[in-house]
Amino acid sequence: MGKRQRAARKLWYAAFFLAASSLVAAQVVEQPQDQQQQPPAGAAPESNGPSEPPEVAEADVAYAQALQTIRLLKVLTPSQAAALYPDSPPPPNVFLSTLFPNENGPIATVIRLAYRLYYQPWLPRWASRVLNGRSGRRRDEIKGRAAKAIDLLQHAVDLGHEEALFTMAQVSLFPPPAMPLNVSRAFDAYSRHADLTGNATSQAALGFFYATGYGGVVELDQSQALLHYTFAALSGSQRAQMIMGYRHWAGIGVNEDCMAALGWYEASAEKAMAQFLEGPPGGRTLLPTSTRLSDLEGGAYGPGASVASTGGNSQRAVVRAALSRAAGEVAEDVLEYYQYHADRGGVEYSYRIGKIYYHGSIYWAPGGAASGAEGVGFVGRDFARARMYFVSVTRLVWPISNLNAPLANQKKDVEDDVGVNASLSAGYLGRMYLRGEGVKKDPKVAKMWFERGTVWGDRESHNGLGLIYRDGLIDGKPDLAKALNHFKAAAGQDLAEAQVNLGKHYYGLGDVARATKYFDTAIRHGSPFEAYYYIAEIHSNQAHDPQASSAVRGGSCGLAVSFYKLVAERGIWNDNLVGEAERLWDFNGVRWGGNKAVSSSALGGSTGSQRALREAEREAAKLRWMIAAETGSEVAQNNLAYLFDQDKSALRHTGLVPQPSNETARFALTHWIRSASQRNVDALVKVGDYYYHGIWHILTGGGNKSLNLFLGDPDADDHWYLGKAKAEFRKKLSGSSKGQIDGRKSEEAAADPQAESKYTDDDDPVQWARDRKREELERAQAEHDADGGYGPDDYFDAATSRPGSREGFERDDTEDDLILMMVVTAILLVLVYMRTRYVRPDGQAAQQGQQAPPRQ
């Protein structure tokens, strides 16, 4: 730009400024004189609306700034969150004793002192910055923001901002990573907020404090807890309604009253059902199932000795996941195996990995796509990847899309295996377009995919077409006849969602008997939500029927309470405390090849700051389980009992559980009892152990805590001995890596190996991949044997393969150990030689000089 252009632009800016100033001055001069004068004393000022006091505006600004800072703190990555905690020095004695024979020598002492100096908190700030570098400055910056957020909230509270008071209570009890837990401040804030506003959440929080005595801020007072819970439930809190229902059902602080419990649980379940129906066609996606800590270890008494891992329970997803973890299989390896084969044209692999990404878990719940996924093996939902793999399968049959004639471009002579997997994939694509999952909602495109899926009889496609025709999602004109035909076609293939839709149809017509039949069948086939709600509603009507007998009303009340409770606990999308606790506890690291105390997926290390972060997160998880246990969640009660159990808990010698005491034993026993009352057999046996041996006997770890039915020869196969079940389980684990666990097949599959591809929904994904891998190895070995051993290509591949490559010859770990032993042995030989060569001759010469006889 030239000088003339810059000068012209400056003149243009100056002219614009002068014109604007003159215009503003003219408007001020033209105002009438009476408008410029101040109103007389005592007269109300003229204004368009009520003016806001400056204190309110100041409080709003402070509250907005505090919220912005809190949002930034909540999105910190795990590594950033770990950096907020100061490193605590792990004991270096083991390392020093390994490196130096004398760990108290000068070199080891200097290393130890320098190591401890690095972690001293009393160092000046400039020294800490020099030692910690950028991480220390980043930590101080984030902590400064957290302190500023608290100050801003406190300033807004002092100015009378009620929302800031509630936020202060929330961040004090459920703090983001950079803020410390402050129970007393949380209780005071909740108390003040409840007094000012009567807020239901604050009332429920006060009830929790009085019911559990958490943090020691108040004494246990069940009457006060019941009072606050009642106020919160009457104000519409779903959590408080569940608590009141559970207390009346279990008789906690009140007399047992089934009808009172039914009223509270019915109100909570109706809220859950309303949230479910607010979702896309077919309802909101259900939350993943909850997981017990004890189930990840084979039950409260260990694998094989607990009901949780024996009999039919051994086929549960959590038990299969525990077996996979014991065999060293992690989720990343399973996904990598599926992806490797899917990227190389494996049709069934592509469908299965698409299904995993759609559900967000290695294990999906039985009952169809609407039944959700198992919480164990959670990997996160990824609709983009799921759609990519589903489309890659369907393009093998339908190369292009055609909304007007979906089947017009179908390829001919398609193999049944490809067609079946393409049909299943089309059903999921139709579901994604129908519900707007990862794509724009479009019922017409969904209908195209559903019609393609019905070519090979996919049940999800039939159910999807039934929803479109029933609700008239395309032209606004419902066609109930077509909808029922498709629902019946899907229900005939045991799809739980279709059976629920048929039950809802007949329930609306008043045919309760026929509707009940469909709902019961749907529950048996895996429906986890809607079927329970309608069955509970049917029994609730019977319980309130004055013409029914007392026995019928009592039995119907119990069933209605049980089913409403299941619906209320599964439909807590806005208050999923158990799910938050599992995320904080890092169940993925526990499930897939990680130690209980290691969060490998999130942190990837074990420094002092990461250990501190884990302890803080698990303390937060324990708090959420305590709140969920108040609502009657059996999973939360069982987890707390397992954590605080001083007899069998694997966490007994960690910092996560207090030292053995009567208080912790009573706490564990209380939750074992509550878990046992909800039909947990292992918890029931635990309660028997506590009373049989006595609480103090359990605390002191005294004596034999199990009944020895036989104490004979442990090697005898015809007798039961202590620990035999665990030994048998370990034998099974030793063969799990070879595909020997859960390897049972149907008679049809045994007779026809190709028949396995038909079972695409009900079998174990991990076991399926393990079987496929074993078949590939057997096939490759057979081809190798047929070729007559090694050939030129084999030697060329072995010579050109990179070390560690999967395609080359794998190196045995024993070779590395042997090389290390040889190196250590060589070093020792050199040291012995040097000692013999130089040290010992000098010593012998000195000794001979001292002992030489005097000359004559």
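1. Buried face of α9. In this predicted model, the buried residues of helix α9 are Ala164, Leu165, Thr167, Met168, Ala169, Val171, Ser172 and Leu173. Buried means under 20% relative accessible area, exposed over 50%, and partly exposed in between, with a 1.4 Å probe and protein chains only. An α-helix has 3.6 residues a turn, so residues three or four places apart point the same way.

2. Span of α9. The helix covers residues 162-173, 12 residues in total. From first C-alpha to last it reaches 17 Å, close to the 16 Å expected at 1.5 Å a residue. The expected span is 1.5 Å times one less than the number of residues. Helices (H or I, at least four residues) and strands (E, at least two) are DSSP runs, numbered from the N terminus.

3. Disulfide. A search of the whole structure finds one disulfide (cysteine sulfur atoms within 2.5 Å). It joins Cys258 to Cys557, S to S 2.0 Å. Cys258 lies in α14 (residues 258-277) and Cys557 in α26 (residues 550-570), so the pair ties together parts 299 residues apart in sequence. The S-S torsion of Cys258 and Cys557 is about -120°, so the disulfide is left-handed. Cys258 is partly exposed at 29% relative accessible area; Cys557 is buried at 2%.

4. Confidence. The chain averages a pLDDT (the predictor's confidence in each residue, from 0 to 100) of 77. Of the residues, 67% score at least 70. Over residues 88-96 the pLDDT is below 50; beyond near neighbours in sequence, this stretch has 15 contacts (heavy atoms within 4.5 Å) in the model.

5. Conventions. Residues are numbered from 1 along each chain as its sequence is written, and side-chain values use heavy atoms, leaving out hydrogens and water. Local features need pLDDT of at least 70 and side-chain atom pairs count only at pLDDT 80 or more, while totals for chains, interfaces and linings use all residues.
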